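Biologist: I would like to learn how to read a structure such as this one, feature by feature. Could you show me how you would go about it?

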Amino acid sequence: MNKCDSEVLASILIGYGYEYVDELENADIVLLNTCSVRDTAERKVIGRLGRLKHIKLEHPNMIIGVCGCMAQSWGHQLVDDFPQVDIVIGTARLAELPRLISRVRELDDAVVDVSETPSDVDTAHTIRESSISAWVTIMHGCNNFCSYCIVPYVRGRERSRSSSDILREVKSLAGMGYRESTLLGQNVNSYGLDTGESLDFADLLALIDGDSDGIERIRFTTSHPKDASPKLIDTMADLPKVCKHFHLPAQAGSDRILARMNRGYTREDYLNLASKLKERIPGITITTDLIVGFPGETEEDFADTLDLVRQVQFDVGFCFRYSPRRDTPAAEMEDQLPEDVKMRRLHELLELQDGISMAKNQALVGTRQEALVEKRNPRDETQMTGRTDTNKIVFFPGHTDLIGQIATVTIIGAGNWSLRGKQCED
């Protein structure tokens, strides 16, 4: 979502005559598009602002803006704590960027706009980083209020885009030569529930799959397990363009912790859902998010999470230690865990998941995979980077004329996070 928003912000500036520069010292405007999901993300922003403070002393006309979730959460505090900041713009107000730049120059003072009133941008004309795969936002916000999560407070309530606007954007992308689109939402499974229309997320997938000539692959992220319906699973199985990869954040494997997190499902619900996905869609990859060290998590609770990982056999797990987020119920819970306990559990979970990821990838050695070629491997110019239908990254020798094509490769090696292959001669 943040990558998509960054493309929108860049497109707005380019539309007003700006262009990218390679060095911070040469910039008239520097924007930090921020995340607040974890404490480490906010600390990274604070560090960047410290560096920018020194650069601005040498270039006093430089405008520094903070955008995104941290901007929405901190608001005026960012200007109070960091006088080098000129613009604070919230998640719903991206279209106001040109106006805010003009206000800064007129007033010679900082401006803050974190209104929750949407100021929508025409994303159909976004200048995108990739020429092969494009993000397409289908909805904004979240209604779930997981007890650890700041997203509903900084992204607002769920707002679905109209299916006609989404389809128009996807068709436009196809006309520009894009081969893949990734549908974005904080919880794509609840798409359409706020509109009163009869069209749900499964219907939207079917609509795009059947009416987007030129688009060969359709992905989506992220899904909430409590809203992943049998209809959606059947739709994924039946539609040829929808990729066989499902990102399904589990967050924990203990019923007690899931209830404290306000996740809305049980351990058994999750295991049954994963089983249905594997049964209905053979070869599907399931990836997940996991949090360890949630307030009150016991060794038994943590053991349940490890057991869930062993049972589901995730292809990839994004694992994090719990970090309190302002204004969330979990941050006020009394039974916070010490950092050394959280870090020990995180390392144990990572060790388990890394072993599973390696075994899953090694099982693909010797198989043929179809990879949509995205770009050169930035670390080896003789190799190309492609992605399989199941969202596995593959590096293989090739030339740039393959970019945008689907190449058939034989897998000859595997790591935790990627595969190595060679292009099939036939």
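Predicted model: local features only at pLDDT ≥ 70, side-chain atom pairs only at ≥ 80, totals over all residues.

Biologist: In what order do the strands of the open sheet of three strands stand?

Modeller: In general, strands of a sheet pair through backbone hydrogen bonds, either parallel or antiparallel. Strands here are DSSP runs of E of at least two residues, and helices are runs of H or I of at least four, numbered from the N terminus; two strands pair if DSSP finds at least two bridges between them. In this structure the order is β5-β8-β9, with parallel pairing. Strands β5 (133-137) and β9 (217-221) are at the edges with a single partner strand each, so one side of each has no neighbour in the sheet. From one strand to the next, the twist averages 25°, where axes are lines fitted to C-alpha atoms, for helices over the stretch in contact, and angles between N-to-C directions run from 0 to 180 degrees.

Biologist: How many bridges join β8 to β9, and which residues are partners?

Modeller: Five bridges join β8 (residues 180-184) to the parallel strand β9; leucine 183 has phenylalanine 220 of β9 as its bridge partner, and threonine 182 has arginine 219 of β9. Between β5 and β8, also parallel, there are five bridges, and serine 133 is partnered by glutamate 180 of β8. Helix α8 (residues 201-210) packs on the sheet and touches β8 and β9, its direction making about 155° with that of β9; contact means heavy atoms within 4.5 Å.

Biologist: Are the residues of β8 buried or exposed?

Modeller: The idea is to compare relative accessible areas: under 20% is buried, over 50% is exposed, and in between is partly exposed (1.4 Å probe, protein chains only). Five of the five residues of β8 are buried, so the strand is largely enclosed by the rest of the structure. Glu180, Thr182 and Leu184 point one way from β8, while Ser181 and Leu183 point the other way.

Biologist: What lines the second largest pocket?

Modeller: On a 1 Å grid over the protein atoms alone, a pocket is an open set of points with protein on both sides within 12 Å along at least five of seven lines, and lining residues have an atom within 4 Å of a point. The second largest pocket holds about 1300 Å³ of space. It has 36 lining residues, and those closest to its centre are Tyr20, Val30, Leu31, Leu32 and Asn33. Elements giving two or more residues to this lining are α1 (2-15), β1 (29-34) and α2 (39-58), and the largest share, eight residues, comes from α1.

Biologist: Where should I look for backbone details?

Modeller: Look at the peptide bond from threonine 221 to threonine 222, which is cis, with omega near 5°; threonine 222 is in the loop between β9 and α9 (230-238). Phenylalanine 145, which is not a glycine, has a positive phi near 55° and lies in the loop between β6 (139-140) and α6 (151-155); its relative accessibility of 27% makes it partly exposed.

Terms used. Residues numbered from 1 in each chain as written. Heavy atoms only, no water. 1 Å grid on protein atoms, 1.4 Å probe; cavity = no way out; pocket = protein on both sides within 12 Å on 5 of 7 lines; lining within 4 Å. Points joined across faces, edges and corners; volume = space filled by probe spheres on them.
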